Amino acid sequence: MSVAHHGAEEVPPGSGTGQEAGELLELALGYLYSAALNSAARFAVADHLVDAPRTAGELAEATGVHAPHLYRLLRFLATKGVFREDEAGRFHLTPLAQPLRSDVERSLRENVMVYSEAPFWEPAGRLHEAVRTGATAFESQYGTPFYNYVATDREFGAAFNSSMAAASEALSDDIAEALDFSQAKSVVDVGGGRGGLLCSVLRRNPHMTGTLFDLENVVAGHVLDAPDLAGRWRAEAGDFFVSVPSGADVYFLKHVLASWPDEQCVSILRTCRGAMPAHGRLLVVNPMIPAGNEPHFGKTVDMMMMTVLNGKNRTRAEYEDLLTQAGFDVVQFLDPSPHASVVEAAVAH
């Protein structure tokens, strides 16, 4: 015989209790980690911990913020390994906090701040609408596509473009180092932003020349005007749905196709195909979503794509299908970085 406690309810099979319930509720409050990271980045906390650990009071004095609230914020982030509190109440830098520094080579401080600003934050609150309708939450809320907003809001646009350039710098170096360009003389970086990837490729391959191609307001902020690249590059403004510079040996599409739905991706790819010589190669750089249930950065970014951009991250098979529709043959898949893969394609004959 068993005795039931008065008022207790039977838990349905498979429902979470105890630890599972706590974990689920913590996931539901996950946006607070974004807010906390934004604050830590905004007040440059990591920069003030480079020389030695400090208490929240010392950090508050250095950054001009409220000490008790700062302590609670850092204690919260420390639960995820961003900073570490010792027995004396001093906070230390951790490996996970290092990229929040503004003075490191692969700093993500700007990205952390931009990704938790209103144009990303607010559409995430309407994810359910995107799922219900298939529309893009950003466009429903702001009344314009994301990149149009970036082009018209000068302050946010500058911060966004700067953060994207900073985040892609390390990936650009990895790609330029991993790929063999010995047989190529010219390259076009289609939708290449400020030219970080083109810089990396040209610096490692002094026999090559290159063209940066993007919207006018983007290429205006290019970083190609360096003494060691003099005479080997040009920047051209245009629309990759209409045309791209022709005749190059190599064409890059780095983090471009993930921003668009399938139909527009095929259109971009066909534009590139029309500009490429028979021997040309197309290199598509994007995170590839693997099979299975394991966490993957590409799956996380895909949720951002669903809310902010009318695009998506794709599997290898999905990219191969897009390339085939546009008249390409896939040559090989490469993985030069944990954060992105490269699909090499040639014009189908």
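This is a predicted model: local features need pLDDT of at least 70, side-chain atom pairs count only at pLDDT 80 or more; totals for chains, interfaces and linings use all residues.
With a relative accessibility of 35%, Pro-145 counts as partly exposed. Once neighbours within four places in sequence are set aside, Pro-145 is in contact with Phe-138 and Glu-139.

Seven strands make up an open sheet with mixed pairing, in the order 6-5-4-7-8-10-9. Strand 6 (233–237) and strand 9 (328–337) form the edges, each pairing on one side only. From one strand to the next, the twist averages 20°. Within the sheet, strand 7 (residues 250–254) and strand 8 (residues 281–286) run parallel and are joined over five bridges; Leu-253, for instance, has Val-284 of strand 8 as its bridge partner.

Helix 13 packs on this sheet, where it touches strand 4 (186–190), strand 7, strand 8, strand 9 and strand 10 (340–347). The direction of helix 13 makes about 165° with that of strand 7. Helix 15 also packs on the sheet, touching strand 8, strand 9 and strand 10, and its direction makes about 145° with that of strand 9.

The two helices also meet each other. Helix 13 (residues 262–275) and helix 15 (residues 316–325) pack at about 55°, their axes 8 Å apart, and are therefore oblique to each other. Their crossing is right-handed. Asp-262, Cys-265, Val-266, Leu-269 and Arg-270 of helix 13 face Leu-322, Leu-323 and Gln-325 of helix 15 in this contact, a set comprising five nonpolar, one polar and two charged residues.

How values were computed. Residues are numbered from 1 along each chain as its sequence is written. Side-chain values use heavy atoms; hydrogens and water are left out. Axes are lines fitted to C-alpha atoms, for helices over the stretch in contact, and angles run from 0 to 180 degrees between N-to-C directions. Helices (H or I, at least four residues) and strands (E, at least two) are DSSP runs, numbered from the N terminus. Angles under 35 degrees count as roughly parallel, over 145 as roughly antiparallel, 65 to 115 as roughly perpendicular and the rest as oblique. A crossing is left-handed if the near helix is turned anticlockwise from the far one by less than a right angle, and right-handed if clockwise. Contact means heavy atoms within 4.5 Å. Ala, Val, Leu, Ile, Met, Phe, Trp, Tyr, Cys and Pro count as nonpolar, Asp, Glu, Lys and Arg as charged, and the others, Gly among them, as polar. Buried means under 20% relative accessible area, exposed over 50%, partly exposed in between (1.4 Å probe, protein chains only). Two strands pair if DSSP finds at least two bridges between them.
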